[in-house]
Amino acid sequence: MQKLVVRFLFLFTTLGGVFAQNVMTPEILVQLNKVHGKGVTKDGNNLIYSVSKYNIETNTKSTKTYIVPISGGKAQIINDYTSLLKDKSISPNGKYKITTSDVKLEKITGQDYYPELKKSNVKIIKSLNYRHWDTWEDGAFSHVMYSSTQNKNEPIDIMKGEPFDCPQKPFGGSEDYTWSPDSKNILYVTKKLSGTSYATSTNTDIYKYNLISKKTINLTAENKGYDTNPAFSSKGQLAWLQMKRDGYESDKNDIVVKINGKTINLTANWDGTVNSFKWQNKGDKIYFIAPTLGTVQLFEINVPSSEKNVKNPKQITNGQFDVSGIIGQSKNTMIVSRRDMNHASELYTVNLSTGKMNQLTHENDAIYNNLKLGKVEKRMVKTTDGKDMLSWVIYPPDFDSSKKYPTLLYCQGGPQGALSQFYSFRWNFQLMAANGYIIIAPNRRGMPGYGVEWNEQISKDYGGQNMQDYLVAIDDISKESYVDTNRLGAIGASYGGYSVFYLAAIHEGRFKTFISHDGIFDWRSMYGTTEELFFVNWDLGGPYWDKNNAAAQKSYTEFNPVEKVGKWNTPIMIIQGGIDYRVPIGQGLAAFQAAQLQGIKSKLLFFPNENHWVLDNQNSLIWQREFYKWLKETL
């Protein structure tokens, strides 16, 4: 009985507290419903979506699936929905089904070489790429296979014997393969490179496997950068996403289409980059989402009959929000996922003629309606080289301009990731504001949404103009009477974490505290241990031992935080994931050790089982609590 009482009190204080609190808290944040669109039903009348919710007490996640009329109405729970949606793994003629499976092809472990030593724990590495993101290579590769839907024959491996992955590692999914309209071919994306070539290249290609001849051809051999996301229209035309330059993961991403046997780049003359796309049902247009001016919006582009008729895209939606995903189309309505800095993702309808949006799901309304939310506004700042830079400013709930507030400079990661109206479950601006902080988040150099030149400037200039952009942003808002200039902090993760390490040496007393999550501290060590070498090769200019490479040498000396660590004199908290192979463990540990040995107030928050992110919900709660505990102590 006592256990039941304790459990009731826990539920009352956690779940009930969601509605009792009037500002965002870590507990409320982690318990928000996560909404994911599954697709539009075949008849075009309904939307299928799922809702996941986390339970703090049991440390478990539950998921329910719903169906709701696109025209509006009450959502109903649905259990079996697979027959209602088009299954892209099933061939158009219904005879075959695509599956993926790992196939062991190479020896890696001690047991592979010495099967009698079953308790050994060793990896025998002969070449790169020996680990990726948060997983060590095990000699198995994900392969695309197909089988009959009418009998139980063994699946046929269309990549038999090939040491390559499809879906792509680490984040690829069903967008990496598709059926041709005649059901005779399977198109799939992979990078058919091994060893050092794999680690230093972004040259993925789209391959076509013919079910009758069993032969495979490369459809994109002429392009040396990324080729991804192949998709056929209802008219049978093939489109995909393409980056031109090998080794440049943040290159301009364009939509290309096969028209009368010729590859035509639809967005070549448009000064932007594409996140994702979807064919119009009729096949005359392509809809896509892309960053623009601190937001992410829905666009459309006509598919012409020839290259000379290509026209620039038209923006459909407009507002202070992100269109974060395209779910599906029903006549003149598109279903999208939408979010902003105050609201987690919900699903909306978009009138494709007018751009008008209506909220279709309301899974978090009850929570948000009981919270006081801070104001989010644009602030234009003049940079040191005379350019206009948009910064987002987030104010505490019940902001009073007659008072003074501690203020945080947020440094975005990427580095070429859009600082748009995103909603993070860690770097949550509304939660920061609810704790009494003003946040300024500048769209510094190296971000998409302001043209290719602005986005590309940061490469090989990591400690240059964008650092000045940061300082200009914090100096500009510090002119306001409501900013407490004695209580300024800088925070960020990944490249944002690098930014914090770098600013800690050059801030000239502006900041009173720093927080760096999975940040790069020593470029030499980073080059020697990170997995995707194309990233550091492009952005730094090359390896540190290339003494004749001026750009690289500048990166490893002038732009290397470890070279400036002797100038640190400000409290700093360092957060590091133990299985982060993008920015490996030594980066955070070395930075913490340097701070400690110099007598600087510092703290290490180490998550042994987290990668570049913090995915476990209870770990996330501790992350939040330690984050604000540190700020309270030092700011």
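**View 1. Helix α11 and its buried residues.** L533, F534, F535, V536, D539 and L540 are buried in α11, where buried means under 20% relative accessible area, exposed over 50% and partly exposed in between, with a 1.4 Å probe and protein chains only. Helices are DSSP runs of H or I with at least four residues, numbered from the N terminus. The helix covers residues 533-540, and six of its eight residues are buried. Its buried residues pack against α4 (195-200), α10 (523-529) and α12 (550-556), with contact meaning heavy atoms within 4.5 Å. Just after α11, G541 takes a positive phi of about 110°.

The model is predicted: local features need pLDDT of at least 70, side-chain atom pairs count only at pLDDT 80 or more, and totals for chains, interfaces and linings use all residues. Residues are numbered from 1 along each chain as its sequence is written, and side-chain values use heavy atoms, leaving out hydrogens and water.

**View 2. Helix α9.** Residues 495-506 form α9, which has 12 residues. Of these 12 residues, 11 are buried, including G496, S499 and F501. Just after this helix, E508 has a positive phi of about 55°.

**View 3. Y498 in the largest nonpolar core.** A nonpolar core is a set of buried Ala, Val, Leu, Ile, Met, Phe, Trp, Tyr and Cys residues joined through side-chain atoms within 4.5 Å. The largest one has 58 residues, of which L409, Y498, W523 and W568 touch the most other members. Helix α9 supplies the largest share of this core, eight residues. Leaving aside residues up to four places away in sequence, Y498 touches Y462, G463, M467, G519, I520, W523, F559 and P561.

Terms used:
Helices (H or I, at least four residues) and strands (E, at least two) are DSSP runs, numbered from the N terminus. The expected span of a helix is 1.5 Å times one less than its number of residues.
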